[in-house]
Amino acid sequence: MLKTIPFFTLRFQNKDIEKEIFSFYKELHADAWYVLGKRVSQFEKEYAAYHSVKECIGVGNGLDALILTLRALHIGKDDEVIVPANSFIATVLAVSQVGATPILVEPDPKSFNITAEGIQRKITSKTKAIIPVHLYGLSCEMDGIISVAKKANLFIIEDNAQAHGATYKNKKTGSFGIVNATSFYPVKPLGAYGDGGAITTNDDALAKQIRLLGNYGSAEKYYYETIGVNSRLDEIQAGILSIKLNYLDRWNAERIELAALYSNVLKNIDGIQTPIISADCTHVFHQYVIQTEKRNSLQDHLLKAGIQTAIHYPVPPHLQKAYDFLNLKKGSLPIAEKLAETILSLPIYTGMKREEVEYVCEVIRTFYA
Ligand SMILES: Cc1ncc(COP(=O)(O)O)c(C=O)c1O
């Protein structure tokens, strides 16, 4: 009988926390307090402590976390912000949303992350900030990025949406930038039961400003200091995230083991590039991404064997219709374009069985045999 292996499922995580979640629902129902209450404050404290930073501010989603950060740093028209050419669109959209220009940097073709050298080449007199994305769960090499940013007097804003729990030189991603943004979209390493996001920072003034901007521009009810928006983490999501944060390291460790199992087998297959992790970085495997020239036929072959896969992402931001105006034609960012044609994300999720990883590897091996 054909096995079916989903690309992703939250079924096993949900099973782990079922009892705690149900008792939390009961409490929430009895309290009947849904916006800006004790659960958000509690989660903000816990999430800040997890990153060893002073402040965390819960917001509506990861895109808003980036937009509010850029606004608090007064980045806008006539400014340039450096972003990876192969990130999820939201990193780029945030820059556009504040009226600044996204400057796309090619990633390292093996780590998928942007590097100090790539960033350096794109700095101009208009550059205000760099947004390193710890793509797929692998931390960027932060020392080089920090040193480039210092020399050019640029802000670092980490986009930690895919790397909750990852580290660089034993320090958590999401604690390096002046302000750092993250998403709790359900499939992320730390995922809510809907949309959610947060900002982490050691800067009290920026934390205060971001809190204000996300709450209509108000610190005191019915008094407005600035033109804000409504972007808040709600009590339901905060309560769920507090429960899940206690499991994050264990769940990450499970995926790290599964990834090692994949790499152990796949690294010996000619024609496949497995993920690389340099000594200072850790990878929490939000995605396990391989590269192969035969991507499309391998994907078909896997699907016929009941194995679902995905592509993160099939079209890089500069070739999206929304970014026609950047005038970056096909061929202008060859590494990002090539990756879009050769990357394949294999199934990986907490609760996936070792035998299932072995089965995926076996099906890949038969494809190349
Ligand atoms: C790298 C990256 N940045 C930003 C976001 C945006 O987060 P959200 O979906 O919560 O707006 C996501 C994920 O969705 C992401 O993967």
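# Chatting through a predicted model

Reader: Okay, I'm new to this one. What share of the chain is buried?
Author: Of the 369 residues in the chain, 46% count as buried. Keep in mind that this is a predicted model.

Reader: Got it. How many helices and strands are there?
Author: The chain has 12 helices and 11 strands.

Reader: And what are the rough dimensions of the box that the C-alpha atoms fill?
Author: Along the principal axes, the C-alpha atoms fill a box of roughly 70 × 55 × 35 Å. The radius of gyration is 21 Å, which agrees with the value near 21 Å that a compact globule of 369 residues would have.

Reader: What about contacts between residues at least 6 apart in sequence, how many of those join residues at least 24 apart?
Author: That would be 70% of them.

Reader: Let's talk domains. Where are they?
Author: Domain 1 covers 11-105 + 112-245, and domain 2 covers 248-368. Their centres, taken over C-alpha atoms, are separated by 25 Å.

Reader: How many residues are in contact between domain 1 and domain 2?
Author: On the domain 1 side there are 28 residues, and they are in contact with 26 residues of domain 2.

Reader: Which elements of domain 1 give two or more residues to that side?
Author: Those are helix H1 (11-31), helix H4, strand S6 (167-168) and helix H8 (235-245). H1 gives the most, with three residues.

Reader: And how do the residues on that side of domain 1 divide into nonpolar, polar and charged?
Author: They come to 15 nonpolar, eight polar and five charged.

Reader: Switching topic: there's a ligand. Which residues come nearest to the ligand?
Author: Gly62, Leu63, Ala90, Ala161 and Ser183 come nearest, out of the 15 residues around the ligand.

Reader: Which helices supply at least two residues of that shell?
Author: Helix H3 (62-72) does, and helix H4 (89-97) does too.

Reader: Now strand S1. Is S1 buried or exposed?
Author: Buried. Five of the five residues of S1 (residues 55-59) are buried, so the strand is largely enclosed by the rest of the structure.

Reader: Which residues sit on which side of S1?
Author: Glu55, Ile57 and Val59 are on one side, with Cys56 and Gly58 on the other, and both faces are covered.

Reader: What does S1 pair with?
Author: S1 pairs with strand S9 (residues 197-201) in the antiparallel sense, over five bridges. In that pairing, Ile57 stands opposite Ile199 of S9.

Reader: What do the buried residues of H7 pack against?
Author: They pack against S1, H3 and S9. The buried ones in helix H7 (residues 204-213) are Ala207, Gln209, Ile210, Arg211 and Leu213.

Reader: Is His74 buried or exposed? And is Phe285 buried or exposed?
Author: His74 is exposed, because it has 10 other C-beta atoms within 10 Å. Phe285 counts as buried, because it has 27 C-beta neighbours inside 10 Å.

Reader: Which peptide bond is cis?
Author: The one from His312 to Tyr313, with omega near 15 degrees. Tyr313 is in the loop between helix H10 (295-304) and helix H11 (334-342).

Reader: What about Ile307, where is that?
Author: Ile307 is in the loop between H10 and H11. With 22 other C-beta atoms within 10 Å, Ile307 is buried.

Reader: Last one: what does Ile307 touch?
Author: Leaving out residues up to four places away in sequence, Ile307 touches Ile5, Leu302, Pro347, Val360 and Val363. The C-alpha atoms of Ile307 and Glu356 are separated by 9.6 Å, with the two residues 49 apart along the chain.

Notes. Residues numbered from 1 in each chain as written. Predicted model: local features only at pLDDT ≥ 70, side-chain atom pairs only at ≥ 80, totals over all residues. Near = placed C-beta within 6 Å. Helix = DSSP H or I, 4+ residues; strand = E, 2+ residues; numbered from the N terminus. Domains from an automatic or database assignment. Contact = placed C-beta atoms within 7 Å. Nonpolar A, V, L, I, M, F, W, Y, C, P; charged D, E, K, R; others polar. Buried ≥ 20, exposed ≤ 12 C-beta atoms within 10 Å, placed from the backbone. Pairing = 2+ DSSP bridges. Rg over C-alpha atoms; globule rule 2.2 N^0.38 Å.
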